Amino acid sequence: MRYFSALLLLASVLLQTVLCHEEDVHTIKLTSETFEKELKESNYFVMFFAPWCGHCKRLAPTWEQLATVLNTIEGSSVKIGKVDCTEQDSLCSNHEVTGYPTLKLFKIGESEGIKFRGTRDMTTMAAFINEQLGGGEEKEVTEEEKKPEIPEAVQGLQELTDETFGKFVASGKHFVKFYAPWCGHCQKLAPTWTDLAKALEHQKTVSISKLDCTQYRPICLDFEVKGYPSLLWIEDGKKVEKYSGGRSLEDLKAYVEKMLGDEAQPAKKDDTEKEEPTQVTLQLTGDSFEHAIEKGVTFVKFFAPWCGHCKRLAPTWEELAVKFVGNSNVKIAKVDCTLGENKELCSSQEVDGFPTLHLYKNGAKLEEYNGSRSLDALHEFVQKHDKGHDEL
C-alpha cells in the first residue's frame, strides 16, 4: 500500500511534466462488451462522458495524464478508463449517469462504483483513488472520529447515507423518501418533497429526509422498500407505516400533521424574524421555454435536485427573483434537467454541469454566467443586461 501511495504522489508531481496529447493514448476505452470483464480483473477509475460536453473536453488532458501514469507503470493497483455515453447509452444508464462528466471508481469485482465529487485536478483525483483503495498512511482512529457526521440540512431536507442513516433515525419522528435517481415518479415528486422540507424546517418534532436506494441498497432492503418512491414514517428507528396518499404538498403536510397530532403546532417565530420570501422564480419546461425567453431578459438556472451546489444556490436564486418583482422586462427562471420532459431542452442548451446559468435576451442566448454566486454579483450581472430597456 505504501508503494501505491508513492505512485499516486508521483501522479501529482507529473501534472507539470507530462505532455498533453491531442488524442487519448493510454486511457482505456470501455464498452458494454468489455466493461464487466475488465472490472473483474482490475480496479478502475472511469470517466463517463459525452464528446460534445465542454467540461469533459476540459478534463480530457488531465484524465490522459492520470492514465499515462497509472496505466503504464508496473504494479499500479488501478486502471484509468472512459465510456462514451453517446455510444454506450445503456451502460451509462445502468450506472445512473445523469450528467457529464461522471467519474466513478470501481473496486475489482464490484458492480457498483463510488462517485467522485471533488475538484477535477490530478492531485485531488489521485488522493481520492488512494483513499478509496486504502493506500493512505494508517493512523489510529479515535472514538470521536468513528462517529458518523449527521448531514447538514439544506432548507430543512436531510440527505442520508449508509453511515448517517442509522444514527439519524434512531430517535424521534422521521418522514423518509426512499428513491432512485432514474425513477420518473421520484423526479416528479422531488420539488414537492423539497418544498415539504422547507415548509417544516422550523418544526422540531419531525425531520424530512431522503435516501438514494441505488447507493444504499442494504438499508432499503431492511425497510422492505419494493418500489420507488417509497415514503415511510419512521419513529425511533422503526417503520410505523408506508404513506400511500396523494403526493401534492397539501396532502403530504396534512399527513405529517395527522401523524404528529398535538405536536403539529407550528414553531413560534421571533417577531423580529424575517419571513421567507414567496417563491417567485419562474419554473420552465421544454414546452414553455421558448415562449418565456422571447421577450426581455431571462436569467435561467439549469439544475438537478440532487446537486449540492444547486441546493446552496437555491435560496439566493429566490432572493434574486424577489429583487426583480415589478420589473416586467426581467424574469428569473429555472429548469429541472432531471425531468424527462426537460432533458432534450437541457441538451440543446449545452448544459453539461449543474448548476448552469444562462442569460437570454429577446430569445437569444447572450452568455453563460461563471462569476460569483453571491446575491449582489448576480443582481449586478442581470442589471447590466437590463439597462436601457425603457429607452424605446
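User: Quick one: in which sense do strand 11 and strand 13 pair, and over how many bridges?
Analyst: Strand 11 and strand 13 (residues 330-336) are paired in the parallel sense over 2 bridges. Two strands pair if DSSP finds at least two bridges between them. Strands (E, at least two residues) and helices (H or I, at least four) are DSSP runs, numbered from the N terminus. This is a predicted model, where local features need pLDDT of at least 70 and side-chain atom pairs count only at pLDDT 80 or more, while totals for chains, interfaces and linings use all residues. Residues are numbered from 1 along each chain as its sequence is written, and side-chain values use heavy atoms, with hydrogens and water left out.

User: Which residue does Gln283 stand opposite?
Analyst: Lys334 in strand 13.

User: And what's the strand order in that open sheet?
Analyst: The order is 11-13-12-14-15, 5 strands with mixed pairing. Strand 11 (282-283) and strand 15 (364-369) are at the edges with a single partner strand each, so one side of each has no neighbour in the sheet.

User: Switching to helices. At what angle do helix 8 and helix 10 pack?
Analyst: About 45 degrees, with the axes of helix 8 (residues 184-199) and helix 10 (residues 249-260) 10 Å apart. Axes are lines fitted to C-alpha atoms, for helices over the stretch in contact, and angles run from 0 to 180 degrees between N-to-C directions. Helix 8 and helix 10 are therefore oblique to each other; under 35 degrees counts as roughly parallel, over 145 as roughly antiparallel, 65 to 115 as roughly perpendicular and the rest as oblique.

User: Which residues meet there?
Analyst: From helix 8, Leu189, Thr192, Trp193, Asp195, Leu196 and Ala199; from helix 10, Leu249, Leu252 and Lys253. Contact means heavy atoms within 4.5 Å.

User: Okay, loops. Where is Pro101?
Analyst: Pro101 sits in the loop between helix 4 (89-94) and strand 4 (102-106). A cis peptide bond links Tyr100 to Pro101, with omega about -10 degrees.

User: Which residues does the other cis bond, the one at Pro229, join?
Analyst: Tyr228 and Pro229, with omega about -10 degrees. Pro229 is in the loop between helix 9 (217-222) and strand 9 (230-235). Glu224 is in the loop between helix 9 and strand 9, and has a positive phi, near 55 degrees. Most residues other than glycine have a negative phi, and most peptide bonds are trans.

User: What's the mean pLDDT of the chain?
Analyst: It's 81, and 83% of the residues reach 70 or more. pLDDT is the predictor's confidence in each residue, from 0 to 100. Over residues 1-6 the pLDDT is below 50.
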